[in-house]
Amino acid sequence: MASDSSPASEDTFQAPVCCSARYNLAVLAFFGFFVLYALRVNLSVALVDMVDSNTTSADNVTSKECAEHSAPVKILRRQTGKRYQWDAETQGWILGSFFYGYIVTQVPGGYIARKVGGKRLLGFGILGTAVFTLFTPIAADFGVGALVVLRALEGLGEGVTFPAMHAMWSSWAPPLERSKLLSISYAGAQLGTVVSLPLSGIICLYMNWTYVFYLFGIVGIIWFILWISLVSDTPETHMRISQYEKEYILSSLRNQLSSQKSVPWVPMLKSLPLWAIVVAHFSYNWTFYTLLTLLPTYMKEILRFNIQENGFLSALPYLGCWLCMILSGQAADNLRAKWNVSTVCVRRVFTLIGMIGPAVFLVAAGFIGCDYSLAVAFLTISTALGGFCSSGFSINHLDIAPSWNGNSEGRDCLPLLRAHHDSWHIVGI
């Protein structure tokens, strides 16, 4: 899948990491994806508290298979959040509606990013999601239809974020730092999940579910202000970058610039490497988003954990995934830079670990019944091993895409494509 059989070459000098503009971008992107996933998953926990438990139990014939084992929860404050009579099918529509909007803006996001810039697209995408999140309690009061539409609109906003971030990294990430920089920025998604799930459970327990949406919505707006104020689309337009670092980034990407001014859609659609990336994304995300959306419901209805235990245990798999993402990013770049392992080999090995490992443990989790410890352990290991994919197919877009040099010619072709063995590939799938 990768674009070459040897590590990418760079000039001998390297700009310092400490206080650098490129790593500052990675940190701000980290918190951006932290907010992004917090806004995405908070409903999964809040929904458990939004729904009348009598309605759920009546519809769920498997909820009594596992014995109740949680200690009674002592509520410190009277619960004031409104409860809704939503059956399991209705809850499924509410949880799934986000992805109907999410899928619509994935491919257009890459095209829009090269027109308006990844900074604005990513910033306003998260801002829109944060604002819609603030209106979630109102939409719930209007009814299921209004809530489904609102969540779909949130999906539209979040759908542009990964293409926009890829567009920015195509201009900012030196080839031999690519795995580290992208792993740092995208690891925020896992940590956002780790924090959001238990925190949402605590908020529901001691306050009520409406504050889940208010809190995370406000955090998203604060992040947007910092993002718009501190980052730039390219090194050339950054106001505080050192000349030394700017030259380092531009020289490392010089051989990856493309003069192509039109997008060869037909050759791209016929490209087997392109479809390999698409299939890898589809396969991984099928499992990842299914667990992300339904794990709190599984913890409550099948394993029968209370709301506080639910949040913490649902977050545990994503803590493991976050650690694997950070460590795999460091390992991947070290293998390429210090051990001279080819890019294609690194991408393939990390993809295999991140795909086969989770599949094995997820299948195993289906055969352990009501063994609570094994269920949590297998789900944690499965999700954690998926973190290796962040240095596999997930970064392969930038290996085979040209870099955006910030001028008009670069905007015509980036971040959409790059020639590779007479095949063309797309960024932002």
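## Cavities

The model holds 3 cavities of 30 Å³ or more. A cavity is a set of points on a 1 Å grid over the protein atoms alone where a 1.4 Å probe fits but cannot get out. Grid points are joined across faces, edges and corners, and a volume is the space filled by probe spheres set on the points. The model is predicted: local features need pLDDT of at least 70, side-chain atom pairs count only at pLDDT 80 or more, and totals for chains, interfaces and linings use all residues. Residues are numbered from 1 along each chain as its sequence is written, and side-chain values use heavy atoms, with hydrogens and water left out.

Helix H1 (21-50), H3 and H13 each supply at least two lining residues. By class, this lining has 5 nonpolar, 2 polar and 2 charged residues. Ala, Val, Leu, Ile, Met, Phe, Trp, Tyr, Cys and Pro count as nonpolar, Asp, Glu, Lys and Arg as charged, and the others, Gly among them, as polar.

## The largest pocket

A pocket is an open set of points with protein on both sides within 12 Å along at least five of seven lines. The largest pocket holds about 1100 Å³. It is lined by 38 residues; Tyr 102, His 281, Asn 285, Trp 286 and Tyr 289 lie nearest its centre. Elements giving two or more residues to this lining include helix H3 (88-104), helix H9 (178-206) and helix H14 (307-337). H13 gives the most, with 11 residues. The lining has 23 nonpolar, 15 polar and no charged residues.

Helices are DSSP runs (H or I, at least four residues), and strands are too (E, at least two), numbered from the N terminus.

## H4 against H8

How do two packed helices get described? By the angle between their axes and the distance between the axes. The axes of helix H4 (residues 106-116) and helix H8 (residues 161-172) come within 7 Å and cross at roughly 35°. Axes are lines fitted to C-alpha atoms over the stretch in contact, with angles from 0 to 180 degrees between N-to-C directions.

Gln 106, Gly 109, Gly 110 and Ala 113 in H4 meet Pro 163, Ala 164 and Ala 167 in H8, with contact meaning heavy atoms within 4.5 Å. This contact has 4 nonpolar, 3 polar and no charged residues.

Definitions and conventions: 1 Å grid on protein atoms, 1.4 Å probe; cavity = no way out; pocket = protein on both sides within 12 Å on 5 of 7 lines; lining within 4 Å.
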